[in-house]
Amino acid sequence: MRILRELPNSHDEVKNANRTVVTIGAYDGVHLGHQAVIRQVRDKASELGCDSVVVTFDKHPAAVVRPESAPKLLTDIEQKLELLEATGVDTTFIVEFTEEQAHEDPADFVRRVLVHGLGARLVVVGEDFHFGYQRKGNVAMLRELGKVYDFEVAPIRLIPRSDGSNEPVSSTAIRRALAEGKVEIATQMLGRHFETRGVVVSGDNRGSQIGFPTANIEVPNEMILPLDGVYAGHCTLADRTYYECAINLGRRPTFVPHGTYSILEAHLLDFEGDLYGQKLRVSFEHFLRSERKFENLDALKTQLATDVANARALLTT
């Protein structure tokens with residue numbers, strides 16, 4: 001996949017110099033709905049002999065427009081680009097989303113990026129698509145501009161959820177599922193297990209002292225994490241080695257009665273070694289139980305042994 005951070009001076013920087021099939025969006029999570037749009041982009045590009053292009057942003061637009069209520073991210077830019085590449089799209093253009101960009105008129109954005117920058121022949125978006133200053137741009141506006149600048153617009157229906165819900169697959173619905181600890185539902189909408197990434201930092205070594213050593217993983221504050229609790233999942237190390245793990249996410253009330261923030265700890269099954277400083281990938285696959293305070297250390301150790309056994313059983317079936 002070709003990655004552009006500046007618009008090409010000519011279409012020579014895009015595989016087919018004449019025209020492109022383009023989609024636009026934050027693409028946070030690159031979930032099943034996003035994948036359906038991109039699949040349409042690729043199919044139409046192949047049919048028309050064009051380059052397939054995703055236009056996305058270096059940060060979530062809400063982080064600039066309304067930072068006080070911006071959503072936590074499902075994917076950082078690194079993971080988002082990896083997932084976009086896996087879709088088979090030819091090119092991704094990353095828009096630097098600044099205050100100036102936030103105030104750009106939707107029609108100006110279309111002329112600058114889609115028409116003059118990328119030579120769009122067809123724009124594929126979800127039927128509820130909005131863009132530009134105050135979200136004034138929509139499918140109807142795109143169609144009107146398409147008549148002027150010779151491109152077509154193909155809105156596609158949103159992908160329904162597979163769990164019986166009436167709402168479609170969306171980044172918002174995935175965030176809600178994670179906030180409720182429903183990682184299995186998040187998996188259904190993402191088309192893969194939810195994964196977070198962070199660097200292993202020093203902790204208080206309590207896990208090692210009680211026979212359950214954990215990697216204390218520092219996740220950037222802008223990234224979303226599921227509801228506090230205990231989960232089964234997998235850890236991928238920097239060298240791509242893959243381990244089953246029992247995951248504890250929470251404030252550790254047994255040791256810190258009035259904790260003010262959650263800590264992500266992963267106990268890697270059958271692992272021995274030093275992980276400090278490594279960037280790990282942690283996937284949340286099954287919710288095991290809620291976090292709770294234990295009366296004493298023995299009760300905690302008994303429960304941890306049960307958690308590890310349950311995680312192993314779930315991950316090996």
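**Reading the barrel, bridges and cavities**

Analyst: Let's start with the barrel: six strands close up in the order β9-β10-β13-β12-β11-β14, with antiparallel pairing. From one strand to the next, the twist averages 45 degrees, where axes are lines fitted to C-alpha atoms (for helices over the stretch in contact) and angles run from 0 to 180 degrees between N-to-C directions. This is a predicted model, where local features need pLDDT of at least 70 and side-chain atom pairs count only at pLDDT 80 or more, while totals for chains, interfaces and linings use all residues. Residues are numbered from 1 along each chain as its sequence is written, and side-chain values use heavy atoms, with hydrogens and water left out.

User: Why is the contact between R161 and E167 called a salt bridge?

Analyst: The term needs a side-chain nitrogen of Lys or Arg within 4 Å of a carboxyl oxygen of Asp or Glu. For R161 and E167, the closest N and O atoms are 2.6 Å apart, so the pair qualifies. Side chains of opposite charge can pair when their charged atoms come close. A search of the whole structure finds 18 salt bridges.

User: Is R161 buried or exposed, and what about E167?

Analyst: Buried means under 20% relative accessible area, exposed over 50%, and partly exposed in between (1.4 Å probe, protein chains only). R161 has 14%, so R161 is buried. E167 has 24%, so E167 counts as partly exposed.

User: What makes E144 and K147 another example?

Analyst: Their closest N and O atoms are 3.2 Å apart, which makes a salt bridge. Both sit in helix α6 (residues 139-149), three residues apart, about one turn of the helix. E144, at 47%, counts as partly exposed, whereas K147, at 64%, counts as exposed.

User: How far apart are the closest N and O atoms of K182 and E180?

Analyst: They are 3.1 Å apart, and the two residues form a salt bridge. K182 is partly exposed at 39%, and E180 is partly exposed at 41%. Elsewhere, salt bridges that share partners join E78, E82, E195, R197, K279 and R281 into one network.

User: What makes a space count as a cavity?

Analyst: On a 1 Å grid over the protein atoms alone, it is a set of points where a 1.4 Å probe fits but cannot get out, and lining residues have an atom within 4 Å of a point. Grid points are joined across faces, edges and corners, and the volume is the space filled by probe spheres set on the points. The search finds two cavities of 30 Å³ or more.

User: Which residues lie nearest the centre of the largest cavity?

Analyst: T214, N248, E265, L300 and L304 do, out of 24 lining residues. The largest share of that lining, four residues, comes from α10.

User: And which element gives the largest share of the lining of the second largest cavity?

Analyst: Strand β9 (residues 194-201) does, with four residues. Its lining includes F194, E195, T196 and R197.

Methods:
Helices (H or I, at least four residues) and strands (E, at least two) are DSSP runs, numbered from the N terminus. On a 1 Å grid over the protein atoms alone, a cavity is a set of points where a 1.4 Å probe fits but cannot get out, and a pocket is an open set with protein on both sides within 12 Å along at least five of seven lines; lining residues have an atom within 4 Å of a point. Two strands pair if DSSP finds at least two bridges between them.
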